Amino acid sequence: MGGFEDDEPPSKRARASSVESTTLPDCFSFSKSTNPLGSTMARPLPSQGKEAMVGSKGVIKREEFVRIITNALYSLGYEKTGAVLEEESGITLHSPMVNLFRKQVIDGNWDNAVVTLNKIGLLDENIVKSAAFLILEQKFFELLRNDNVMGAMKTLRNEITPLGVNRKRVHELSSCIISCSPQHMLVGFSKLGIDSSNSRLNLLEELQKVLPPTVMVPERRLENLVEQALTVQREACYFHNSIDGLSLYIDHHCGKDQIPSRTLQWLLDYEYNYLDEHIETANILKVLRAHHDEVWFLLFSNNGKYLASASNDKSAIIWEVDEDGELLLKHTLSGHEKSVMMVAWSPDDRQLLTCGMEETIRRWDVESGKCLHVYEKPGIGLISCAWLPDGKQILSGQTDQNFCIWDLDGKEVDSWKGQRSSKTSDFAVAKDGKLIISMNRESTILLFDRETKQERLIEEDSTITSFSLSEDGDFLLVNLTSEEIHLWNIRNGPIRVRRFNGHKRSRFVIRSCFGGSEQAFIASGSEDSQVYIWHRATGDLIERLPGHSGTVNCVSWNPANPHMLASASDDHTIRIWGVKKANLKRKDVGSCSSNGIHANGNAHSNGFVHQCNGNSSK
């Protein structure tokens, strides 16, 4: 393969809770000596010290612990169980005065609710005023909703304004009265953050944020504490890449075996049928061999159900990921007259763009494999492609350094002059469609806002060979000729936040990607025939994956399966990397999805070669 400086193709060259009951029905009275679960089911939590602490470390106050459990029971709808816990523990969730206050709020008894608020015993006058403001604001909106404009004006003038709280909000309430029209009022409610459908329950939640937690326990407090604990465990898990959610039963920990690092070789001593019937623990060699030349680019679909690959053999292939995680050849897409440089999935994954080397862009139907349209300009080659987020327009880069937006029928909608002087043609579009990221000069990337026309630059010291945008659109991964990959925060900046190194690059374009659970890892190809994986937060190199026999040009991590990583190589193959699993059954890679015929095109096993051409469309 040629170098970055020669005439090799650009793609290859370097480039609301319930109101609680205060009385307990007779049927829920239990004798103190009764233990219906038996003595072996659970033991009481140990108490520590005079403050009735519970737990082995003595840092949890029993009263607070019982109250948030009771709160959780009521929130989950277990009102009888919550009432039993209150009676048996002798610890009430709320005082009788607070219960009365909550009931008055739910019933819309606004004046009495304000009176009760002042009897709860709050020492901070500002808290009392803030809570009263929320109550009277709700009264104001409900009067307006009932077409009692005079009553609303009286509440605003005589009750809300004298509190001297949140004057900006008072002006906004005044504007609601001026708008008069019911439709305008509803719009006003929406702008002010008022949900009229469930407003009283929402009011209780807002009051809980204002009042001290000792007075009114915040809703879903136990859920929040558990979520915090799980979040801390997840963030402390260095190799976190779990498919299943975190469990409450055990402390969370992912081992290094959760990182996709194996293309597992099946036994070669038997024929296929014997393996199908007898081998339960046979490892799988996930090597896809349907391309007949170097594989330059590959990309999983947004939903993770497909993989598309592009090759120097002038074809692209759509692979389908089956329920067992195996890849089946769905369509071979033929029609380009030159090497296929890249592919791009539509937002709904129903269509695919393929871009030939300084040639045309083709749009394909994923289900049928038919070519729906060819985009081309006389005398001008198209060198890159992307979809706009609405799925109704596509973006292309051109050899004359222009960028063009097309509708699906091939009509040119917009175009503008770029400043690209590099042979690399990468660009990306943010999910909102506003930000377009493109090469500017050999060491500069342009961030262009289509709405504001604002331009920002990422400036590197070395030549940029490729880049990749994170799923959230906040970060850009930039590959350099200096054998480094830089991570840039483009939401607040741009600011360079991390460097990754260790891989090899001297002549060719090497592509990297984000991946894993919450995109916590970075993967890259390399000219030493290996795949490299780094920890995104620390920059540590955690895996080198040997297996290919030629330069690894591109990698793609399945966005729906953090245990699946694909790599494309000059050795004409695609490798699918996964984690080791017990009791895996062998499946032939690249099988046709429609007729079950083996279609991996040179799938090697025990010296036999099985060939089948997939569906082709021109």
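Let's start with a sheet: four strands form an open, antiparallel arrangement in the order β21-β22-β23-β24. At its edges sit β21 (464-469) and β24 (495-501), each with pairing on one side only. Going from one strand to the next, the twist averages 20°. Keep in mind that all of this comes from a predicted model.

How many bridges join β21 to β22? There are 5, and the two strands run antiparallel, with β22 covering residues 475-480.

Zooming out, the protein chain has 11 helices and 34 strands. It holds 618 residues, and 51% of them count as buried. The accessible surface comes to about 30300 Å², with carbon and sulfur atoms making up 48% of that.

Now for the inside. In soluble globular proteins, nonpolar side chains tend to be buried together.

| Core | Size | Some members |
|---|---|---|
| Largest nonpolar core | 43 residues | L307, W319 and I574 |
| Second, separate core | 35 residues | including L122, A132, L173 and L211 |

In the largest core, L307, W319 and I574 are the residues that touch the most other members. What does I574 touch, leaving aside residues up to four places away in sequence? Its contacts include L307 and W319. The list also has V287, L288, V295, L298 and A566, along with K286, H291, S309, H548 and S567.

Definitions and conventions. Residues numbered from 1 in each chain as written. Predicted model: local features only at pLDDT ≥ 70, side-chain atom pairs only at ≥ 80, totals over all residues. Heavy atoms only, no water. Buried < 20%, exposed > 50% of the residue type's maximum accessible area, 1.4 Å probe, protein only. Areas by Shrake-Rupley, 256 points an atom, 1.4 Å probe, with all protein chains shown as cover. Core = buried A, V, L, I, M, F, W, Y, C linked by side-chain atoms within 4.5 Å. Contact = heavy atoms within 4.5 Å. Pairing = 2+ DSSP bridges. Axes fitted to C-alpha atoms, helices over the stretch in contact; angles between N-to-C directions.
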